[in-house]
Amino acid sequence: MSIASNFPYQDTSSGDIIIRTVDDVDFHFFRDRLGAISSIDLPPPSKEGKAIIIVEEPGKVWAYLTAMLDFSEEPPLTDLDLIHALLKAGREYGLSGMPSR
């Protein structure tokens, strides 16, 4: 799946940890930022590159999540299945601010 590069966390030169979705889309975070906005168990830092966290959601869900978490301009949400997936992921990972959006 191709995710638009204008979504947050798509810069491969940024971050020190990767969220990899079920459809192999990577989102690059800084450990401190991810720890501050979520309750995701972070693996120890890797000396061989960025640590990778595999998640069960598709890239489309994480693209919207990162836009919401970064307070960027959010694409319109009209798909009820996507809204449900966003709320579920927000609760599962303890993403701050998700239930109130």
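**Stop 1: the helix pair.** Select residues 59-69, helix α2, and residues 80-92, helix α3. This is a predicted model. The two helix axes come within 10 Å of each other. They cross at roughly 65°, so α2 and α3 are roughly perpendicular to each other. The hand of this crossing is right-handed.

Show the side chains at the contact. From α2, take Lys60, Val61, Tyr64, Leu65 and Met68. From α3, take Leu82, Ala85, Leu86 and Ala89. Colour them by type: eight are nonpolar, one is charged and none is polar.

**Stop 2: the whole chain.** Zoom out. The protein chain has three helices and three strands. Along the sequence, these elements follow the pattern β-β-α-β-α-α. Colour by accessibility next. Of the 101 residues, 40% count as buried. Now draw the contacts between residues at least 6 apart in sequence: 54% of these join residues at least 24 apart.

**Stop 3: the sheet.** Select the three strands. They form an open sheet in the order β2-β1-β3, with mixed pairing. Which strands stand at the edges? They are β2 (26-29) and β3 (51-54). Each has a single partner strand, so one side of each is left without a neighbour in the sheet. Neighbouring strands are turned by 25° against each other on average, direction ignored.

**Stop 4: β1 against β2.** Select residues 17-20 for β1. Strand β1 pairs with β2 in the antiparallel sense, over four bridges. Pick isoleucine 19; opposite, in β2, stands phenylalanine 27. Bring helix α2 back into view here. It packs on the sheet and touches β1 and β2. The direction of α2 makes about 30° with that of β2.

**Stop 5: β1 against β3.** Move to the other pairing. Strands β1 and β3 run parallel and are joined by four bridges. Turn the view to compare the two faces of β3. Ala51 and Ile53 make up its covered face. Ile52 and Ile54 lie on the uncovered one. In a regular strand, side chains alternate between the two faces of the sheet.

**Stop 6: the loop at aspartate 24.** Go to the loop between β1 and β2, where aspartate 24 is found. Check its backbone. Aspartate 24 has a positive phi of about 65°, although it is not a glycine. Is this residue buried or exposed? Aspartate 24 has a relative accessible area of 60%, so it is exposed.

**Stop 7: threonine 12.** Finish in the segment before β1, which holds threonine 12. At 59% relative accessibility, this threonine 12 counts as exposed, because the cut-off for that class is over 50%. Which residues does threonine 12 touch, not counting those up to four places away in sequence? They are His28 and Lys50.

Technical notes. Residues are numbered from 1 along each chain as its sequence is written. This is a predicted model: local features need pLDDT of at least 70, side-chain atom pairs count only at pLDDT 80 or more; totals for chains, interfaces and linings use all residues. Side-chain values use heavy atoms; hydrogens and water are left out. Axes are lines fitted to C-alpha atoms, for helices over the stretch in contact, and angles run from 0 to 180 degrees between N-to-C directions. Angles under 35 degrees count as roughly parallel, over 145 as roughly antiparallel, 65 to 115 as roughly perpendicular and the rest as oblique. A crossing is left-handed if the near helix is turned anticlockwise from the far one by less than a right angle, and right-handed if clockwise. Contact means heavy atoms within 4.5 Å. Ala, Val, Leu, Ile, Met, Phe, Trp, Tyr, Cys and Pro count as nonpolar, Asp, Glu, Lys and Arg as charged, and the others, Gly among them, as polar. Two strands pair if DSSP finds at least two bridges between them. Buried means under 20% relative accessible area, exposed over 50%, partly exposed in between (1.4 Å probe, protein chains only).
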